[in-house]
Amino acid sequence: MIDFSEFEKNLSFVRDRISRACVASGRKPSEVGLLAVTKNHPVDAVDYASRCGLTSVGENRVQEASDKRAAYHGALRWELIGHLQSNKAALAVATFDRIQTVDSLKLLRRLDRFAGEGGKALPILLQCNSGEDPNKYGFAMGEGEAVLEAALGLEHLQVEGLMTIAPLADDPDVARVAFERLRDLRDQLSERFGVSLSELSMGMTDDLEAAIAAGSTQIRVGTALYGSRALFFDGEVN
Ligand SMILES: *Cc1c(COP(=O)(O)O)cnc(C)c1O
């Protein structure tokens with residue numbers, strides 16, 4: 001784990017990248033939120049983010065996040081960015097302030113039920129596999145209407161927008177296309193259903209510039225802030 005001064009340097013470098021990408025696309029840096037991805041790092045990573053004024057952290061495993069949240073006493077928003085199996089839905093609802101990886105009707109219904117039992121309205125994003133990557137979760141572009149319609153009918157969920165993970169590729173156009181497709185889907189759904197869907201969670205360390213150009217409102221950054229993770233933990237499924 002890096003020390004705090006190194007984190008501060010990394011953060012200012014990331015903020016520079018955000019500013020330059022915003023200038024290039026005529027946007028304001030205040031339109032692009034930064035989610036610090038603390039997965040696979042100790043709870044110090046969460047503390048660093050908070051000390052620098054970041055307000056939310058992203059984790060991809062429910063149990064790991066639950067343990068860290070119990071060990072960390074500051075006020076922060078915790079967001080789930082890893083795939084969620086429905087048997088972990090209850091703990092996920094108890095742990096997270098927002099779940100970004102909602103990708104099935106079954107999961108929607110379970111989250112709604114547990115949010116209702118907890119007496120809360122749970123903010124969610126719908127994860128779309130807009131890059132049509134066979135290795136990624138998310139509903140298909142063509143399922144967007146049906147998934148959103150179901151989500152809007154559930155009393156205890158608040159749909160705030162869409163999320164995607166671009167396919168890994170050497171060609172930067174692959175990510176750009178995945179991001180533009182997500183934005184276009186958002187625009188269509190928003191008009192069709194009369195809801196704002198204002199959050200577009202897209203872009204990570206390697207593709208945040210393309211995501212900002214395509215309209216991202218939240219980039220999720222781990223490696224550029226904290227250095228590399230132990231790779232064999234990466235992508236583990238809940
Ligand atoms: C790990 C992860 C990130 C952060 O990726 P980096 O390349 O380390 O910035 C962002 N989003 C999701 C869904 C992730 O699983």
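**Salt bridges in a predicted model**

Good morning. I begin with Arg 27, which has a relative accessibility of 17% and therefore counts as buried, the limit for that class being under 20%. Please bear in mind that the structure before you is a predicted model.

Which residue pairs with Arg 27 in a salt bridge? The partner is Glu 31, and the closest N and O atoms of this pair are 3.1 Å apart. Glu 31 has a relative accessibility of 32%, and so is classed as partly exposed.

In total, the model contains 20 salt bridges. I shall discuss two further examples.

The next pair is Arg 98 and Glu 199, whose side chains meet in a salt bridge with an N to O distance of 2.7 Å. Arg 98 belongs to strand E4, residues 98-102, while Glu 199 belongs to strand E7, residues 199-201; the pair therefore ties together parts that lie 101 residues apart in sequence. Are these two residues buried or exposed? Both Arg 98 and Glu 199 are buried.

My last pair is Arg 192 and Glu 145, which form a salt bridge at 3.3 Å, again from N to O. Glu 145, at 38% relative accessibility, counts as partly exposed.

Finally, there is a network: salt bridges with shared partners join Arg 77, Glu 79, Arg 98, Glu 160 and Glu 199. Thank you for your attention.

Notes. Residues numbered from 1 in each chain as written. Predicted model: local features only at pLDDT ≥ 70, side-chain atom pairs only at ≥ 80, totals over all residues. Heavy atoms only, no water. Salt bridge = Lys/Arg side-chain N within 4 Å of Asp/Glu carboxyl O. Buried < 20%, exposed > 50% of the residue type's maximum accessible area, 1.4 Å probe, protein only. Helix = DSSP H or I, 4+ residues; strand = E, 2+ residues; numbered from the N terminus.
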